Amino acid sequence: MSNYNIKHLEEYFKVYKKSVNDPEVFWEEIAEEHFSWYKKWNNVLSWDFKKPEIKWYEGAKLNITENCIDRHLRTNGEKTAILFEPNNPSEEAQHISYNDLSKKVNRFANVLKEQGIKKGDRVCIYLPMIPELAISLLACARIGAIHSVVFAGFSATALSTRINDSDCKIVITSDGSYRGAKTIDLKSIVDEALEECPNVQSVLVAKRINTEIEMKKGRDTWLQPLLDKASDVCEPEIMDAEDPLFILYTSGSTGKPKGMVHTTAGYMVYTAYTFKNMFQYKEEDVYWCTADIGWITGHSYIVYGPLANGATTVMFEGVPSYPDYGRFWKIVEKHKINQFYTAPTAIRALAKQRLDFVNKYDLSSLKVIGSVGEPINEEAWHWYNDNIGKKKSPIIDTWWQTETGGAMITPIPYVTPTIPTYATLPFIGVQPALMDKNGNELKGNQVEGNLCIKFPWPSIARTIWGNHKRYKETYFSAYKDNYFTGDGALRDATGYYRITGRVDDVIIVSGHNLGTAPIEDAINEHPAVAESAIVGFPHDIKGNALYAYVTLKETGETRNQDNLRKEINQIITEHIGPIAKLDKIQFTNGLPKTRSGKIMRRILRKIASNDTSNLGDTSTLLNPEVVQEIIENYIK
Ligand code: WTA
């Protein structure tokens with residue numbers, strides 16, 4: 001019998017040991033007993049981190065929607081699968097049962113087929129948090145199409161780059177979206193993006209805000225009339241275990257986003273198994289993750305993980321501040337939420353408000369509260385623990401990545417004792433390693449280093465779309481025979497892990513990963529800019545904010561610096577999106593560089609954090625004189 005649900009700490013240690021000593025036996029039992037397969041695998045795992053190549057459940061045949069929908073119909077068809085809470089609190093919530101979901105997904109799948117979409121085709125989804133978003137992912141999976149969701153806060157340029165990178169044939173979008181008191185004209189962003197995407201043949205448009213929009217003849221079609229006409233029966237495509245399920249882009253240290261490819265069986269097994277344990281989900285529970293489905297957290301823990309367990313998963317369209325800062329807690333009370341999963345940046349923003357926004361509401365339904373996306377600082381942890389968890393619901397601080405597919409280091413609530421700011425212990429099957437500067441593994445406890453994973457887990461991303469070489473270089477080249485996460489971590493005396501943050505050129509702002517390179521590329525597009533460097537600095541709510549050092553071309557003319565700042569942020573908004581806007585822009589005569597021409601970001605980071613006490617040795621710089629100038633003109 002497999003240990004699908006871990007209930008005590010001794011059981012965790014026992015099962016963990018088994019998963020490490022005998023991974024194939026362990027993951028075979030989990031897969032065999034808790035999922036539905038058309039055909040079982042020939043081989044549980046084959047892997048080689050040198051190539052790198054990783055395959056789980058090779059030879060197995062399945063469809064993930066059969067596991068997320070159909071098998072629940074037999075016993076639980078009337079249970080709510082998706083509970084949709086609209087942006088506007090006076091609009092009624094929608095309870096979509098598993099029966100309804102099945103019909104909606106099948107209809108949508110048939111519409112995609114009519115549009116000529118086949119197994120293996122890429123479908124770009126650019127939608128707000130409305131039910132059509134979750135349904136469109138599942139509709140793709142139903143017919144074996146590969147979805148590529150682009151977060152609907154990204155700009156037209158960011159969207160077209162992603163559409164072209166994976167050569168999507170079709171885009172699914174809406175007339176617009178609601179975001180608090182604002183409406184956003186999504187369709188015109190798509191129109192602008194598609195000017196650069198010659199291979200997109202059709203656009204399906206969901207109606208949400210009912211504004212007049214332009215529909216391009218021969219390309220754009222309203223979605224609803226097609227759904228109304230479509231059959232609600234669609235046989236699932238039979239997929240191989242290693243067929244791609246989706247592509248999801250994440251930023252990296254070069255300008256181009258990386259299309260992480262997740263495959264079917266391993267992703268399904270791991271997200272389902274982690275979901276069950278990290279939330280201790282029980283049959284009648286109502287579970288809510290506040291992330292957007294545009295990010296991995298939404299893919300794994302709003303859609304696939306919960307639905308594979310037959311759970312009720314809440315989808316919230318709005319923002320935590322609308323109509324006021326009590327909205328999250330109002331929803332917890334209204335839907336009697338049992339598990340609540342959010343990001344530290346939201347916690348910090350809410351902690352700044354008056355406590356009566358929290359205390360007005362009955363939060364007694366909560367059993368587990370979670371955090372994801374960046375390190376949770378001690379103050380935010382305590383606020384969350386005291387005021388939301390009421391010191392009785394454990395906080396699960398879950399560390400993972402787009403690349404890992406599911407949670408990797410996380411407490412199991414009511415099983416693992418928690419400590420503020422610690423993600424605690426590796427999940428079942430996860431084998432972390434901390435590396436020293438020379439690339440050697442640090443054994444024992446009380447050590448700090450770069451965080452790697454030594455052994456494959458079922459939901460590791462298999463490649464970067466169209467660029468396996470970059471996959472190898474980014475994740476498997478820094479440390480021999482290890483997957484490198486890009487994060488630093490420490491292991492304390494008891495073996496608990498604490499994530500200390502990124503050690504590469506990615507900065508996490510409000511829980512969003514932003515590579516410095518794409519932002520610098522955008523800034524450098526400004527005709528007056530010669531060169532730029534971005535670093536992060538601590539920010540109360542966002543965790544980190546962006547500080548830019550910009551040198552201008554010498555043209556002899558003087559420019560108004562405030563206007564320049566506005567123009568630079570405008571370019572960033574156009575190229576990436578408002579999430580990457582700069583908080584501070586300092587104009588300087590030069591950037592500190594090493595003799596080989598590399599910008600010394602370490603120094604710039606210290607200055608941006610207003611900490612110039614120990615800048616280290618600057619004498620080896622090519623241009624040590626700029627450092628003093630930069631310090632003098634630091635923007636408070
Ligand atoms: C960071 C989000 C500390 C980390 C699921 C990681 C965290 C990056 C935590 C991945 C946590 C995520 N504690 N840091 N609990 N969770 N991170 O791809 O730096 O959007 O590498 O995936 O977020 O972000 P991504």
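These exercises explore a predicted model, each with a worked solution.

**Exercise 1. Two ring pairs**

Task: Classify the pair of tyrosine 479 and phenylalanine 484, then the pair of tyrosine 547 and tyrosine 634.

Solution: 
- Start with the general rule. A pair of aromatic rings is described by the distance of the centres and the angle of the planes.
- The structure holds 47 aromatic pairs.
- Tyrosine 479 is buried, at a relative accessible area of 10%. Phenylalanine 484 is buried too, at 11%.
- Now take tyrosine 547 and tyrosine 634.
- Tyrosine 547 belongs to strand β29 (residues 543-552), and tyrosine 634 to the segment after α19 (625-632). The pair links distant parts of the chain, 87 residues apart.
- Both tyrosine 547 and tyrosine 634 are buried.

**Exercise 2. Charges over rings**

Task: Which ring does the charged end of arginine 162 sit over, and which face does lysine 584 lie over?

Solution: 
- Arginine 162 places its charged end over the ring of phenylalanine 154, 4.4 Å from the ring centre.
- Lysine 584 lies over the face of phenylalanine 537, and the distance to the ring centre is 4.6 Å.

**Exercise 3. Helix α9 and its partners**

Task: Describe how α9 packs with α2 and with α10.

Solution: 
- Begin with the general rule. Two packed helices are described by the angle between their axes and the distance between the axes.
- Helix α2 (residues 23-34) meets helix α9 (residues 264-278) at an angle of about 85°, with axes 11 Å apart. That makes α2 roughly perpendicular to α9.
- List the residues. From α2 come Phe26, Trp27, Ile30 and Ala31; from α9 come Val269, Tyr270 and Tyr273.
- Sort them by class. The contact of α2 with α9 has seven nonpolar residues, no polar and no charged ones.
- Next comes helix α10 (residues 296-308). Its angle with α9 is about 90°, and the axes are 8 Å apart. α9 is therefore roughly perpendicular to α10.
- On the α9 side, the contact includes Tyr267, Phe275 and Met278; on the α10 side, it includes His299, Tyr301 and Pro306.
- The contact of α9 with α10 divides into eight nonpolar, five polar and no charged residues.

**Exercise 4. Helix α14**

Task: Which residues of α14 are buried, and what covers them?

Solution: 
- Helix α14 spans residues 378-388. Its buried residues are Ala380, Trp381, Trp383, Tyr384, Asn385, Asn387 and Ile388.
- The cover includes α11 (327-335), β18 (339-342), α12 (344-351), α13 (356-359), β19 (368-372) and β20 (395-398).
- Look just past the helix. There, lysine 390 has a positive phi of about 50°.

**Exercise 5. Backbone exceptions**

Solution: 
- Most residues other than glycine have a negative phi, and most peptide bonds are trans.
- The bond from lysine 51 to proline 52 is cis, with omega near -15°. Proline 52 sits in the loop between β1 (43-48) and β2 (53-58).
- Tyrosine 322 and proline 323 are also joined by a cis bond, with omega about -5°. Proline 323 is in the loop between β17 and α11.
- Threonine 424 has a positive phi of about 65°. It lies in the loop between β20 and β21 (432-435). Its relative accessible area is 0%, so threonine 424 is buried.
- Serine 510 has a positive phi near 50°. Its loop runs between β26 (506-509) and β27 (512-515). Serine 510 counts as partly exposed, at 24% relative accessibility.

**Exercise 6. Contacts of valine 319**

Task: Where is valine 319, and which residues is it in contact with?

Solution: 
- Valine 319 is in the loop between β17 (312-316) and α11.
- At 11% relative accessibility, valine 319 counts as buried.
- Leaving aside neighbours within four places in sequence, valine 319 contacts Asn87, Arg179, Gly180 and Arg327.

Key:
Residues are numbered from 1 along each chain as its sequence is written. This is a predicted model: local features need pLDDT of at least 70, side-chain atom pairs count only at pLDDT 80 or more; totals for chains, interfaces and linings use all residues. Side-chain values use heavy atoms; hydrogens and water are left out. Rings of Phe, Tyr and Trp (its six-membered ring) pair if their centres lie within 6.5 Å; planes under 30 degrees apart count as stacked, over 60 as edge-to-face and the rest as tilted. Buried means under 20% relative accessible area, exposed over 50%, partly exposed in between (1.4 Å probe, protein chains only). Helices (H or I, at least four residues) and strands (E, at least two) are DSSP runs, numbered from the N terminus. A charge sits over a ring if NZ of Lys or CZ of Arg is within 6 Å of the ring centre and within 35 degrees of the ring normal. Axes are lines fitted to C-alpha atoms, for helices over the stretch in contact, and angles run from 0 to 180 degrees between N-to-C directions. Angles under 35 degrees count as roughly parallel, over 145 as roughly antiparallel, 65 to 115 as roughly perpendicular and the rest as oblique. Contact means heavy atoms within 4.5 Å. Ala, Val, Leu, Ile, Met, Phe, Trp, Tyr, Cys and Pro count as nonpolar, Asp, Glu, Lys and Arg as charged, and the others, Gly among them, as polar.
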